[in-house]
Amino acid sequence: MIWLLLLFSFGVYADTELELIEVKTEKDIGRFTFVSSYVIPALELENTPVGLVSPALEKVPGLIISQNGGPGGRVSFFIRGTESRHVSFTLDGLKISDTSNTDRQFDAAFLTSPFIKDITVHKGPQAVMYGSDALGGIIELKSRKGENAPETRLSVNAGSFATIESSLSSDWKTKNNNGTLTVSRFHTDGISRINKKRYNAKERDATDITQLTSSSEHRWAAKIQTDFLASYLHGKAEQDGFTSDNNNDLSRNDQYLLQQKTSFEINDSQGISLRNGFNRHQRHNESLSSNSEFFNGELSQNEVVHRLEAGSFGLLSGVATEHESTKAMALDRSFDLHSLFLQSSFQQEKFKFHAGVRSEKHTKYGSFYTGSAGIAFGGLSLQYSQGYKAPSLYQLYAPDSFGSPVGNPDLVPETSHSLEASWKTISDIHETGITFFQNRLSNQFTYSFTQGYLNQQRFIVEGIELFGKIGIPEAILSASFTHQQFKEEETSVLRRPYNSAQVGFSYFPQETVETNITTRWFSSRKDFSAKLNGYEVVDLSIRKNWEKDDVALTLKNILNREYEDVYGFSVIPRSIFAHYGHRF
């Protein structure tokens with residue numbers, strides 16, 4: 001019925017220029033919760049020395065990133081002591097988690113950034129609005145949709161390790177339609193994946209990435225709009241063994257994304273949307289020493305969302321279904337997840353309150369519930385949230401490997417209970433904030449070589465986050481500090497430092513010139529049976545803009561610190577990258 005209505009409306013209004021829909025039926029996390037959020041705007045994404053998402057996220061306070069040996073290696077994200085698999089990624093609301101890998105974690109190793117409008121990092125469980133996987137937080141990516149039409153952008157980055165990245169994007173617009181078409185290409189000869197000092201590794205491991213994305217909006221009638229998203233990504237990276245850098249293994253990753261979201265404005269205060277999305281990953285590991293492996297994962301999503309804004313009161317409700325399937329060498333399984341959710345918010349002057357609940361019915365586990373609630377007055381806020389993560393199909397049903405058990409059909413979902421108290425003040429020249437948090441995690445998945453996957457780990461993480469920024473017309477100074485400690489650990493918590501800090505300084509000697517220096521510091525951390533030393537990394541960048549052109553120069557790790565994020569893997573040494581951009 002909706003599609004018939006769309007076709008009818010398009011015929012009637014095709015020759016009339018229509019206004020944008022006022023009521024947005026979006027899951028606005030900032031409107032309905034008090035979570036700490038950090039936005040990476042479009043200009044900051046453009047300033048990233050290479051056109052990949054993961055380097056852009058390095059500057060987010062409190063977000064811990066580790067990568068297995070430079071571009072193309074697996075990237076992990078940690079928020080407030082939770083595991084990397086507890087951070088969910090969405091693109092225009094579509095879940096883009098990789099259902100082909102072991103724990104349904106999204107790997108940002110190959111994701112390019114030229115088609116992205118902005119990125120928002122939300123800390124804390126978002127299970128009420130997003131369900132499973134958003135136990136630690138969520139990273140929202142929004143695509144460009146012709147905001148600068150008519151415009152064509154050419155961007156070229158080149159630098160150390162024979163790295164070259166180029167992208168071409170076109171912002172287009174007609175009377176009632178607008179969008180962006182982007183093609184990106186990335187290549188680097190890279191560095192050795194495994195650590196040079198530990199293994200005398202010398203062979204470089206190359207990475208190649210190609211991505212094509214189309215994102216658009218179409219206004220069929222004055223109150224009806226459809227957003228379309230289509231994306232294809234092909235990534236290829238050479239891999240090393242655990243102790244040898246010359247085995248020439250190869251990892252290939254193909255990702256297909258397709259989504260339509262149709263929004264209908266009922267009246268000035270409410271709207272409804274229908275979302276249908278498809279996310280497919282195909283991974284192949286090719287080895288000269290063993291047989292090739294393949295992993296295919298698919299996630300289909302369907303969702304209806306209703307949003308009401310009535311004065312100080314806001315209400316978001318919805319119905320969603322997800323179908324997840326995984327196919328590998330000896331694995332072919334699927335499950336369904338059906339959801340109902342309700343999130344409300346009330347705001348009047350300095351007072352704000354929110355509460356929400358989500359009901360889930362899982363093919364395997366039956367029904368269970370999560371909730372959240374919070375209260376705020378002025379700059380003070382307090383909130384409680386629940387989160388969970390259902391086991392992946394691999395964790396449940398993967399066959400034995402080399403005689404050792406892997407999958408465990410008796411696994412139960414991981415759960416968390418989160419408390420957050422924060423204070424924030426904002427003025428014309430400064431912004432200051434402090435947040436205290438506690439996460440209680442239970443039934444955490446671990447892997448045993450003798451027993452396979454188990455619900456074995458439980459721990460509590462408590463911490464504090466401090467953030468401050470001062471700005472004057474010529475300069476901006478920002479600083480952040482995060483401390484976290486772990487209690488009641490049943491097994492060691494790995495790859496998460498107790499302390500991290502970041503200081504950034506931006507100077508604008510002229511309106512069109514920008515200089516940035518950023519220092520990131522991390523204390524020591526555990527990884528398996530080893531202790532990884534603390535380290536600091538200093539980056540410097542200079543950018544110059546003209547009416548249609550811009551150039552930039554970036555120096556990464558200028559102190560050439562040799563450190564490890566992951567035991568046995570390399571990190572990018574001192575390097576330099578140049579950028580040129582032109583707008584047609």
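**Note on cavities, a sheet and a buried proline**

1. The second largest cavity has a volume of about 310 Å³. Its lining is made up of 23 residues, and Glu46, Pro114, Arg153, Ser155 and Ser167 are the closest to its centre. This is a predicted model.

2. By residue type, the lining of the second largest cavity holds 6 nonpolar, 10 polar and 7 charged residues.

3. Next, the largest cavity. Its space comes to about 560 Å³. In total, 11 cavities of 30 Å³ or more are counted.

4. The largest cavity is lined by 33 residues. Pro55, Glu58, Gln67, Lys556 and Ile572 lie nearest its centre. The lining of the largest cavity divides into 19 nonpolar, 9 polar and 5 charged residues.

5. Which elements supply at least two residues of the lining of the largest cavity? They are α4 (53-57), β2 (63-67), β10 (177-188), β26 (513-522) and β29 (535-545). Strand β2 gives the most, with 5 residues.

6. Now the sheet. Five strands form an open sheet with mixed pairing. The order is β1-β6-β7-β4-β5. β1 (37-40) and β5 (94-95) stand at the edges; each has a single partner strand, so one side of each is left without a neighbour in the sheet.

7. How do β1 and β6 pair, parallel or antiparallel? The sense is antiparallel, over 4 bridges, with β6 covering residues 116-123. Ile40 stands opposite Ile119 in β6. In general, strands of a sheet pair through backbone hydrogen bonds.

8. Pro413 deserves a look. Pro413 sits in the loop between α7 (393-397) and β21 (414-426). Is Pro413 buried or exposed? Its relative accessible area is 13%, so Pro413 counts as buried, the cut-off being under 20%.

9. What does Pro413 touch, leaving aside residues up to four places away in sequence? Its contacts are Tyr365, Lys389, Ala390, Pro391, Asn443 and Phe445. Ser392 is 21 residues from Pro413 along the chain, and the C-alpha atoms of Pro413 and Ser392 are separated by 9.6 Å.

Technical notes. Residues are numbered from 1 along each chain as its sequence is written. This is a predicted model: local features need pLDDT of at least 70, side-chain atom pairs count only at pLDDT 80 or more; totals for chains, interfaces and linings use all residues. Side-chain values use heavy atoms; hydrogens and water are left out. Two strands pair if DSSP finds at least two bridges between them. Buried means under 20% relative accessible area, exposed over 50%, partly exposed in between (1.4 Å probe, protein chains only). Contact means heavy atoms within 4.5 Å. On a 1 Å grid over the protein atoms alone, a cavity is a set of points where a 1.4 Å probe fits but cannot get out, and a pocket is an open set with protein on both sides within 12 Å along at least five of seven lines; lining residues have an atom within 4 Å of a point. Grid points are joined across faces, edges and corners, and a volume is the space filled by probe spheres set on the points. Ala, Val, Leu, Ile, Met, Phe, Trp, Tyr, Cys and Pro count as nonpolar, Asp, Glu, Lys and Arg as charged, and the others, Gly among them, as polar.
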